[in-house]
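Biologist: I'd like to learn how to read a structure like this one. Could you walk me through it, one feature at a time?

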Amino acid sequence: MTGYPRAPMEGRAPRRLAWAALAALALVSSAHAQTPERDIQPDEEEWARVEEAAAATTEAPAEEDEADRAGEDAAEATPEEDDSSPVGVRLVSRRRRSVSLEPSPQDSARPLPVATEMANDPDMPALVHRTEPYEWFVLPLVGYSSDVGFAGAILAQLYHYEPGFEPFRDKLQLIALLTSDLVQFYELLWERIGLFGLPLRLDMALSFNTTPVGNYCGLGNQASCDRDLAREAARSQDLLPGDDGYNRFLDRYFRFRSMRPAIRTALRWQPMRNGLELTFVWEASYGIPGFVGKRGPYPGSLYEQDFPDGEEGMTSELQIGAVWDRRDDERRPTRGYVLASSFRGAHRFTGSDWRYGGLNLGAAGFFAFDRGKRLVLATRGVADLLWGDPPTTVLAAISGFWTDMAFGGQTLGRGIRGRRYIGRIKVMAQVELRAVLFGEAGKLQGVGFLFGDVGWIGLDWHEWGGDLRRINASFGGGLGLYWGEGFVLRFDAGFSAPERYDPQFYVSLRHPF
């Protein structure tokens with residue numbers, strides 16, 4: 001029995017407001033570390049062979065240097081590694097893939113478990129413990145978004161190793177997140193590789209998230225969050241400036257609050273090594289309008305006017321997808337591409353109170369302008385189409401290889417508040433220039449970013465919810481740091497006309513794609 005086939009696959013983050021912390025999980029853990037090598041003393045015969053080989057090397061003709069350089073380039077372009085060595089002894093080619101903590105169902109295979117990579121790094125703030133064949137660690141995480149505030153989280157993982165399976169046999173993961181705006185997310189996940197002795201990967205997760213600061217500005221591509229509309233609504237409620245509760249009403253008019261327990265099961269199958277990967281996902285959640293100690297939408301809010309019952313009920317969705325990934329690196333890609341597609345649907349036969357279907361198509365490409373890959377152009381296009389009667393939690397997101405809030409937020413529509421433009425039709429494109437400003441590869445590097453996002457959003461094919469020709473756009477830039485082979489830290493600011501060019505700030509531990 002061989003281990004699970006390796007293929008660079010992006011993770012599927014949990015839904016909705018937990019994206020900031022789960023993105024952090026994928027990247028804080030990918031910091032550079034060195035695994036100690038065995039201390040072996042060569043005998044005299046071995047020393048003689050080494051000296052003889054060194055002498056032969058110095059006498060080699062100059063023409064061979066060019067061949068050696070060509071061989072190094074070929075090794076760099078081949079992201080394959082020798083994982084046959086035991087834990088603690090690493091044999092790799094000239095280029096290693098970055099490690100990942102991205103959650104399932106498309107959790108990326110990696111050469112060695114992340115805890116092993118981190119265990120020997122004195123600068124990584126993680127508590128790591130090892131008892132063969134188990135290993136566990138605890139890691140603190142931080143982040144920021146204009147939509148949810150500052151975020152702090154704790155990640156705990158337990159790995160079980162077994163010969164013939166990579167990067168592990170079983171994984172148990174627990175995450176707890178709390179933001180300064182009281183957004184909360186908790187998840188317990190179990191993952192197993194080599195299910196039934198086949199190249200199958202199974203993960204199961206239980207989660208709970210709640211928010212008192214969800215954005216709802218209406219439906220379609222001309223949804224407005226103009227505060228003057230909130231003032232008019234306050235006057236209709238006989239609230240005037242200076243009255244108790246007036247400012248609170250204005251602050252909550254374009255907000256909703258909700259709690260959502262969820263369960264997810266995902267199965268990944270890759271019949272051929274480094275080939276097309278198929279995914280099968282079932283996800284169910286129950287929406288509860290309100291927040292801790294409070295039930296229902298905010299009184300008088302726009303969301304309550306459109307959905308008086310707060311959309312309480314069960315969403316149960318089945319999804320099948322396929323991914324073809326040819327990026328040179330998952331965390332900091334500099335060349336290659338990824339193609340993905342998926343179908344999803346919910347019906348009473350799946351236990352859902354909503355009936356809808358969806359198609360997602362996505363592609364991303366990466367182009368390096370120089371041999372050192374210090375200037376990279378990254379592009380992504382996504383089309384997410386829905387039909388039927390989905391709830392707003394589904395209308396406000398894309399689902400598939402990438403699961404993100406859209407359109408507006410830290411990942412798609414940077415510079416526009418999260419969930420501002422929602423609908424059944426979402427066609428989006430992004431372009432980003434990533435430039436290394438100083439530093440050498442593998443060490444600390446300073447990075448600059450320039451980006452632009454556009455989105456064509458419609459409520460429905462028959463009722464667009466605005467101007468069919470309107471394309472919402474945002475732009476911005478930022479600075480960041482690279483460290484080692486996978487760590488990314490970004491400080492971004494986005495701007496857009498819909499938000500009157502008020503800056504939206506983001507601190508993230510991953511690239512948006």
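This is a predicted model: local features need pLDDT of at least 70, side-chain atom pairs count only at pLDDT 80 or more; totals for chains, interfaces and linings use all residues.

Biologist: Which residues form the disulfide?

Modeller: The general idea is that a disulfide covalently joins the sulfur atoms of two cysteines. Here the partners are Cys-217 and Cys-225, with their sulfur atoms 1.6 Å apart. Sulfurs within 2.5 Å count as a disulfide, so this pair qualifies. The link of Cys-217 and Cys-225 is right-handed, with 95° about the S-S bond.

Biologist: Are Cys-217 and Cys-225 buried or exposed?

Modeller: Cys-217 and Cys-225 are both buried.

Biologist: And what about the nonpolar core? How many residues does the largest one have?

Modeller: The largest nonpolar core has 43 residues, and Trp-402, Phe-407 and Met-428 have the most contacts inside it. Among the elements giving two or more residues to this core are helix H5 (227-236), strand E12 (356-368) and strand E13 (375-388). There's also a second, separate core of 14 residues, including Phe-137 and Tyr-161.

Biologist: What is the mean pLDDT of the protein chain?

Modeller: The mean is 80, and 75% of the chain's residues reach 70 or more.

Notes
Residues are numbered from 1 along each chain as its sequence is written. Side-chain values use heavy atoms; hydrogens and water are left out. Buried means under 20% relative accessible area, exposed over 50%, partly exposed in between (1.4 Å probe, protein chains only). A nonpolar core is a set of buried Ala, Val, Leu, Ile, Met, Phe, Trp, Tyr and Cys residues joined through side-chain atoms within 4.5 Å. Helices (H or I, at least four residues) and strands (E, at least two) are DSSP runs, numbered from the N terminus. pLDDT is the predictor's confidence in each residue, from 0 to 100.
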